[in-house]
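Open the model in your viewer and keep the selection tool at hand. We will go stop by stop.

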Amino acid sequence: MRVPLHRLWLLPLISGIAWFITLLSLLLKWVARGLPRYPGQSNPYVAFISDIAAFDMKPIFLVGACITAVAFIGTVCAVHFARYDHRMYGIDDFWYKKWTSVLAMVSGVVAGLGLILLAIMDTFRYHEEHRVLLLVCFSGLALSALSTTLVYFDQTKRPSPFRLLRLYCSASVTIVAIEVVLGVFFTALMYMSFWRTAGVLEWVMAFIGCLYMLAFVGFVAVPPEGIDARERDPLLQEPAGSFV
């Protein structure tokens with residue numbers, strides 16, 4: 001069965017919007033209730049996403065997380081499929097980049113499955129399991145993002161006629177860099193017990209994650225007329241390599 005190329009852009013769109021709606025719903029619910037402190041909440045000032053999800057609107061979080069996770073897995077696979085399929089970019093990369101693509105897709109699957117399990121095993125009833133799954137999810141997401149950035153970084157160097165690909169690749173690289181910096185600050189703030197700032201930073205990082213997913217729309221948005229050889233040529237910037 002042939003992959004419907006003209007519909008691949010829906011995957012990152014659904015993923016980004018679903019995650020944004022889920023986060024916004026939780027945040028507005030917490031604010032509307034007067035910023036309560038939940039049982040077992042580790043941050044005394046700002047409730048983490050998982051704290052709110054364990055007590056308020058858990059069905060919304062469960063549904064939103066599942067939609068986000070499934071669409072994200074599809075997005076990561078679509079982005080790397082697009083790079084090598086000759087109906088799209090058809091880039092014949094070095095072997096190490098092809099293996100990096102495989103790593104990105106596997107890591108994306110791990111991150112998606114971890115998010116689904118996080119939504120099921122909330123931080124209150126499954127405290128230890130939740131902590132382990134949080135580490136698994138974040139590790140998978142970070143590895144997938146960094147691997148994808150490495151694979152597509154070459155497309156940030158010179159203009160491409162394909163749907164402003166250089167712009168979307170540059171935006172994705174910038175977002176990943178910002179998330180890495182914020183992640184370092186978040187970890188340091190948690191370690192130094194600056195809870196209020198760390199709590200706000202977690203929400204900021206989560207919402208920026210929506211932009212990261214939406215940036216992939218430009219990676220896989222195929223024009224109605226398709227991609228011809230003239231559009232594909234500028235993408236072939238690397239010598240061929242064998243996938244062995």
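**Stop 1: a histidine in a helix**

Select His-130, which lies in helix H5. Helices here are DSSP runs of H or I with at least four residues, strands are runs of E with at least two, and both are numbered from the N terminus. A word on the source: this is a predicted model, where local features need pLDDT of at least 70, side-chain atom pairs count only at pLDDT 80 or more, and totals for chains, interfaces and linings use all residues. Residues are numbered from 1 along each chain as its sequence is written, and side-chain values use heavy atoms, with hydrogens and water left out.

Is His-130 buried or exposed? His-130 is buried, because its relative accessible area is 5%. Buried means under 20% relative accessible area, exposed means over 50%, and partly exposed is in between (1.4 Å probe, protein chains only).

Now show what surrounds His-130. Leaving aside neighbours within four places in sequence, His-130 is in contact with Ser-50, Leu-118, Met-121, Asp-122 and Thr-123. Contact means heavy atoms within 4.5 Å. Zoom in on Met-121: its backbone oxygen lies 2.8 Å from a polar atom of the His-130 side chain.

**Stop 2: the whole of H5**

Select H5 from end to end. Its 26 residues should span 38 Å at 1.5 Å a residue, and its end C-alpha atoms are 37 Å apart, so the two values agree. The expected span is 1.5 Å times one less than the number of residues.

Colour the buried residues of H5, among them Leu-133, Cys-137, Gly-140, Ser-144 and Tyr-152. Which helices cover them? The cover includes H2, H3, H4, H6, H7 and H8.

**Stop 3: the core**

Next, pick Trp-19, Tyr-152 and Tyr-212. These residues have the most contacts inside the largest nonpolar core, which has 54 residues. A nonpolar core is a set of buried Ala, Val, Leu, Ile, Met, Phe, Trp, Tyr and Cys residues joined through side-chain atoms within 4.5 Å. Elements giving two or more residues to this core include H1 (10-32), H5 (127-152) and H7 (195-215). The largest share, nine residues, comes from H7.

Stay on Trp-19. Beyond its neighbours within four places in sequence, Trp-19 is in contact with Phe-61, Thr-68, Leu-115, Ala-206, Cys-210 and Met-213. Cys-210 is buried, because its relative accessible area is 3%.

**Stop 4: a lysine**

Jump to Lys-97 in helix H4. Lys-97 counts as buried, because its relative accessibility is 4%. Its side chain reaches the backbone oxygen of Val-151 at 3.2 Å.

**Stop 5: two loops**

Select Leu-35, in the loop between H1 and H2. What is its phi? Phi of Leu-35 is near 55°, a positive value in a residue other than glycine. Most residues other than glycine have a negative phi. Leu-35 is partly exposed, because its relative accessible area is 48%.

Then move to Ser-193, in the loop between H6 and H7. Phi of Ser-193 is near 65°, also positive in a residue other than glycine. At 42% relative accessibility, Ser-193 counts as partly exposed.

**Last stop: zoom out**

Show the whole protein. How many helices and strands are there? There are nine helices and zero strands. Buried residues make up 48% of the 244 residues. Take contacts between residues at least 6 apart in sequence: 77% join residues at least 24 apart.

Methods: A polar contact is a pair of N or O atoms within 3.5 Å; within protein, one must be able to donate a hydrogen and the other to accept it, and residues adjacent in sequence count only if both atoms are side-chain atoms.
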